[in-house]
Amino acid sequence: MKRIVVAVALAAMLATPAAFARNVKIGFVTTLTTGAAVIGRDMQDAVNLALEQIGGKMGGLDVDVIFEDDGFKPEIGKQKTDKLVKSDDVDFVAGYIWSNVLLASRKSALDAGKFMISSNAGASQMAGKFCNKNFFSTSWENSQTPMALGEVLNRKGVKKLYIMVPNYAAGKNMATGVERTFKGEIVGKDMTKWGKSAQLDFSAELSKVKASGADALFIFYPGKAGGAFIKQYEQAGLVGKIPLYSVFTVDSISLPKLQKGNLKGVLGSQSASFWSPDLDTPQNRKFVSSFKAKYGRYPSFYAAQSYDTIFLIKSAVDAVKGNLDDMDGMRAAMEKADFPSVRGKFRYGRNHFPIQNFYLLQVEPDADGVWTTKIVETIYKDHQDIYASKCKL
Amino acid sequence: MNSTLVISQLLNGLQLGVLLFLLAAGLTLVLGIMNFVNLAHGSFYMVGAYLCATFTLWLDSFLLGLLLAIPAMLLVGVVTELLVVRHLYRRDHLDQVLASFGLILVFDSTVHMVWGPAGLTFVLPAVLNGQVTVFPGVEFPVYRLLIIAVGLLVALGLYLLVARTRVGMLIRAGAANPVMVGALGVDIKTLFTLVFALGAVLAGIAGMLIAPITEASIGMGKDILIITLVVIIIGGIGSIRGSFIAAMVVGLIDTLGRSYLDDLLKLVLSNQAAETSAPAISSMLIYILMAVILYFRPEGLFPPRSR
């Protein structure tokens, strides 16, 4: 009996989808377990906030967002993408924190003719040789931010630089980026183990940094590794000796924890980014204040990009008035980047990566004493990644 | 190569080794004596880190945090043994692997529910946050020296406990022939509970010590469990002396590999090739070591004589 009931229920489930009016279906792949879950949560919160603000509608249709967890692993990310494309038949696949997950999942989404929107990962290959008419980014190409930071290092007169990055696709892109613009000598470079059993104890590497005679240390440690790194940087006695410059490390994910632990060494440290909570654009003011009101904390850049993702998709669906079969119409609409973005008005390059400004940020307490990043100056205006020229679109 | 860097790298390796020993000691005892495969051993490492961080933040004192977290870990160990593990000693290894894998999921989700997905961290007291000159020209973080000291003390205490006390004698006897020990009127069940809880406390201490360096985070136990398994396999399952030596060797090889492999490879390869292959090879080093040791000594370096 039980078996028959289950069978009937299953059959009913299989039969239903086609019968109703279409919804806009968005699959959102991020990391919801492991230590990186805190990033995934920030993205999820931003997506939910955006949906709430647009009343859950795009082009007159209801919107369904299906969140999937990649477990911080490329192979799982690919499986989840396959599932979203094949069994959920989504219209847009979005999300992706990690470049290696994005690269592994790329074919599953794009070969099936779906739109793929990266809300964070900016693997250089996606901007160059793998660029695709249906791929869009609401973030950046990986090496742009470290290139901006390299310019800052030159201006500050840094002659000898030590580089530490995790050993995976994005880590390599970050190192390449800073090496491209930094004019001094690279005195040392370490690539540490990353992924599910990432290295979090940097004792050996920090001893090398100390002995290297570098005048600055460049790091890229997203998520929980960032907090761990900064603590050990302080414990190793490098504060005030070898200044720390970072990309995607000191952010609204790591700062609350560092403040809770009273690690004052991070105050005043500088980084580069396309965005900061205090960036003065109408959409960003609305985003940051409503995010803080709803969740009681500062959003991270991951959240900002995810928020933009929903508005980008909305601009596409609105443009075709809900006719989701009009792929060309939606693509043309997205190419115009005609949506309220947290970064203000920007345009897309031909590889569908934003051409945007990059700023120098510094960690400071806000009016309430909460540690956050503030924009010091603009490093690049309307900067385009160098891979765009390799894109054959 | 400069000698001050070599000395600090040796100390770094020693510190990692000590930490691995704390984890391996408990795991090897439980596997050697109770013949129980405990994949959830790493969870005690995680729980120890979270408890210590929580108590430290509450009481605003790392020392009090440690002192409170240790008995709390004992309790966690005893409860886990009584509720779950006790019923699995007589089952085969596959059942034990499944059940202890289930325990990992339970611990991870519980931590997620109680503390949330973000990790937990705290700052060391100023005394411990600095550096000290160990040799002329070699500055080393005070806290890492403390870890080495604590680890060596625990190792000594464990040696004395097992080799010199009545409980230790029973533990050794229990490892050789639990049925006979039971027949002689010793309460073998309580003994097992004690040994299991001791293992949990040791793993917890390792977690407590690492928390101020990295942070308490979900999944930290799973990451370290694999290396711990390598350590006990190299050392010989059931041997505390073996796991001590294996832990030191693994700690040193891992650290020295991370520090010097790229320089060594640059002698034979191009800069570019050395840069990309060094991280890959250094993360494989300890597994290569394990394979080599197992080829020559399939039972590990110091297999206990009883079996």
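This is a predicted model: local features need pLDDT of at least 70, side-chain atom pairs count only at pLDDT 80 or more; totals for chains, interfaces and linings use all residues.
Two strands count as paired here if DSSP finds at least two bridges between them.

**The hairpin in chain B**

Thr133(B) sits opposite Glu139(B), which belongs to β2(B). The strands involved are β1 (residues 131-135) and β2 (residues 138-141) of chain B, and they run antiparallel with four bridges between them. Together β1(B) and β2(B) make a hairpin, with two residues separating them. In the turn you'll find Gly137(B), whose phi is positive at about 85°.

**Chain B as a whole**

Apart from those two strands, what else is in chain B? There are 12 helices. Going along the sequence, the order is α-α-α-α-α-β-β-α-α-α-α-α-α-α. With a radius of gyration of 20 Å, close to the 19 Å the globule rule gives for 307 residues, chain B is as compact as a globular protein of that length. Here are its overall figures:

| Property of chain B | Value |
|---|---|
| Box filled by the C-alpha atoms, along the principal axes | roughly 65 × 50 × 35 Å |
| Share of the 307 residues that are buried | 48% |
| Share of contacts with a separation of 6 or more that join residues 24 or more positions apart | 77% |

Is Val201(B) buried or exposed? The count of other C-beta atoms within 10 Å is 26, and the cut-off for buried is 20 or more, so Val201(B) is buried. Setting aside neighbours within four places in sequence, Val201(B) is in contact with Ile70(B), Met73(B), Leu74(B) and Gly77(B). Ala69(B) is 132 residues from Val201(B) in sequence, yet their C-alpha atoms are 9.1 Å apart.

**The nonpolar core**

The largest nonpolar core has 210 residues. Among those with the most contacts inside it are Leu217(A), Leu20(B), Leu22(B) and Ala49(B). Helix α1 (residues 3-33) of chain B gives the largest share, 16 residues. Domain 1 (2-140 + 280-352) and domain 2 (144-273 + 358-390) of chain A both contribute residues too, so the core lies between them. As for Leu22(B), beyond residues up to four places away in sequence, the residues touched are Gly151(B), Val154(B), Leu202(B), Ala203(B), Ile205(B) and Ala206(B).

**Two domains in chain A**

The contact between them uses 26 residues of domain 1 and 21 residues of domain 2. On the domain 1 side, α2, α4 (99-110) and α5 (124-127) of chain A each supply at least two residues. By class, that side has 12 nonpolar, nine polar and five charged residues.

**Where the chains meet**

How many residues are in contact between chain A and chain B? The contact involves 33 residues of chain A and 34 residues of chain B. On the chain A side, the elements that each give at least two residues are α2 (37-53), β8 (185-192), α8 (203-212), α9 (224-235) and α10 (255-260). Of these, α9(A) provides the largest share, seven residues. The class make-up of this side of chain A is nine nonpolar, 13 polar and 11 charged residues.

Notes: Residues are numbered from 1 along each chain as its sequence is written. Chains are lettered from A and ligands numbered from 1 in the order in which they are written. A nonpolar core is a set of buried Ala, Val, Leu, Ile, Met, Phe, Trp, Tyr and Cys residues joined through C-beta atoms within 7 Å. A residue is buried if 20 or more other C-beta atoms lie within 10 Å of its own, exposed if 12 or fewer, and partly exposed in between; C-beta atoms are placed from the backbone. Domain bounds come from an automatic or database domain assignment. Two residues are in contact if their C-beta atoms, placed from the backbone, lie within 7 Å. Ala, Val, Leu, Ile, Met, Phe, Trp, Tyr, Cys and Pro count as nonpolar, Asp, Glu, Lys and Arg as charged, and the others, Gly among them, as polar. The radius of gyration is taken over C-alpha atoms; the globule rule is 2.2 Å times the number of residues to the power 0.38.
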